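Student: I would like to go through this model with you, beginning with the ligand site. Could you take my questions one at a time?

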Amino acid sequence: MIKIAPSILSADFARLGDQVALVEKAGAEVLHIDVMDGHFVPNITIGPLVVKALRPHSKMRFDVHLMIENPERYIEEFAKAGADHITVHLEATPHIHRAIQQIKGLGLTAGVSINPATPLDGLKYILDELDMVLIMSVNPGFGGQKFIPAVLPKIEILHRHLDQMQSSCAIEVDGGINLDTAPAVVKAGANVLVAGAAVFAHPDPARAVQELREAAQGYKG
Ligand code: DX5
Ligand code: ZN
């Protein structure tokens with residue numbers, strides 16, 4: 001089943017609770033929360049405080065995407081704030097295995113993300129440990145960027161590999177997902193679609209979630 005994960009990065013932060021409720025009601029299974037530190041990526045966004053504030057208002061799975069250097073420092077705080085899943089970047093720490101163990105040790109599911117130019121190779125010795133791989137389809141840092149089609153073969157190769165391993169590890173794709181690009185990433189093997197601008201820059205975010213699901217399921221039911 002394809003899951004839709006609206007990213008709050010493009011939401012109206014003055015009405016964040018309402019916007020989250022809207023996409024939850026529309027059937028989104030996952031809420032994607034982008035955390036940026038101004039070091040790993042050029043932008044700064046939100047911290048555990050916002051996760052904690054939203055937690056009592058939503059039953060969606062909170063998928064926290066840490067775009068921060070040395071994420072080990074903050075994993076516990078995000079877990080305490082109410083994250084269900086934490087993704088860290090392969091490029092953001094020399095101790096990726098330790099970071100994964102830390103996330104799982106706190107009872108959460110763990111993901112690792114790779115930037116568009118990062119090959120799959122670095123995942124080889126950690127793939128067994130992961131609940132999800134997040135393939136970036138834009139350079140992380142900002143919402144509303146254009147999808148980079150060169151990542152499609154990467155999704156396909158990973159999908160084939162996970163199939164061979166009989167792994168239940170999910171493939172999430174993040175960046176530039178909209179009605180035009182969703183079918184291609186699903187065809188390549190993605191099963192969790194992050195969408196920021198396509199949902200929250202849409203005049204009707206609830207409708208946007210439904211349309212994305214239809215576009216994704218147009219390829220695979
Ligand atoms: C980008 C973030 C994304 C972002 C996607 O660095 O990781 O989650 O919100 O936004 P769109 O869907 O607008 O490309
Ligand atoms: Zn993200």
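Student: Which residues come nearest to ligand 1?
Tutor: In this predicted model, the residues that come nearest to ligand 1 are Ser7, Asp34, Gly144, Asp174 and Gly196, out of 20 residues around the ligand.

Student: How is that shell divided by residue class?
Tutor: The shell around ligand 1 has 9 nonpolar and 9 polar residues, together with 2 charged ones.

Student: Which polar atoms lie close to oxygen atoms of the ligand?
Tutor: A backbone N or O atom of Gly196 lies 2.7 Å from an oxygen atom of ligand 1.

Student: How much of ligand 1 does the protein bury?
Tutor: Taken alone, ligand 1 exposes 380 Å², and the protein buries 99% of that area.

Student: Which elements give two or more residues to the shell?
Tutor: They are strand 2 (30-36), strand 3 (61-67) and strand 8 (192-195). Strand 2 provides the largest share, with 3 residues.

Student: Now the metal. What coordinates the zinc ion?
Tutor: The zinc ion (ligand 2) is coordinated by His32 through NE2, His65 through ND1, and Asp34 and Asp174 through OD atoms, at 2.0 to 2.3 Å.

Student: What spacing do the zinc donors follow along the chain?
Tutor: The spacing is H-x1-D-x30-H-x108-D. Distant parts of the chain are linked in this way, with Asp34 in strand 2 and Asp174 in strand 7 (residues 170-174), 140 residues apart.

Student: Are those two aspartates buried or exposed?
Tutor: Both Asp34 and Asp174 are buried.

Student: Changing topic: where is Ser58, and what does its side chain contact?
Tutor: Ser58 is in the loop between helix 2 (48-54) and strand 3. The side chain of Ser58 makes a 3.0 Å polar contact with the side chain of Glu24 and reaches the backbone nitrogen of Met60 at 3.0 Å.

Student: Why does Ser58 count as buried?
Tutor: Its relative accessibility is 8%, and buried means under 20%.

Student: And Leu152, buried or exposed?
Tutor: Leu152 is found in helix 5 (residues 152-164) and is buried, with a relative accessible area of 19%. The C-alpha atoms of Leu152 and Val173 are separated by 9.8 Å, and the two residues are 21 apart along the chain.

Student: What about backbone angles: what is phi at Asn70 and at Gln166?
Tutor: Both values are positive in residues other than glycine: about 45° for Asn70 and near 55° for Gln166. Most residues other than glycine have a negative phi.

Student: Where do these two residues sit, and what is their accessibility?
Tutor: Asn70 is in the loop between strand 3 and helix 3 (75-81) and counts as partly exposed at 34% relative accessibility. Gln166 is in the loop between helix 5 and strand 7 and is exposed, with a relative accessible area of 76%.

Key. Residues are numbered from 1 along each chain as its sequence is written. Chains are lettered from A and ligands numbered from 1 in the order in which they are written. This is a predicted model: local features need pLDDT of at least 70, side-chain atom pairs count only at pLDDT 80 or more; totals for chains, interfaces and linings use all residues. Side-chain values use heavy atoms; hydrogens and water are left out. A residue is near a molecule or strand if one of its heavy atoms lies within 4 Å of it. A polar contact is a pair of N or O atoms within 3.5 Å; within protein, one must be able to donate a hydrogen and the other to accept it, and residues adjacent in sequence count only if both atoms are side-chain atoms. Accessible areas come from the Shrake-Rupley method with a 1.4 Å probe; for residues, only the protein chains shown count as cover. Helices (H or I, at least four residues) and strands (E, at least two) are DSSP runs, numbered from the N terminus. Ala, Val, Leu, Ile, Met, Phe, Trp, Tyr, Cys and Pro count as nonpolar, Asp, Glu, Lys and Arg as charged, and the others, Gly among them, as polar. Donors are N, O and S atoms within 2.8 Å of the metal (3.2 Å for Na, K and Ca); water is not among the atoms, so sites may look incomplete. Buried means under 20% relative accessible area, exposed over 50%, partly exposed in between (1.4 Å probe, protein chains only).
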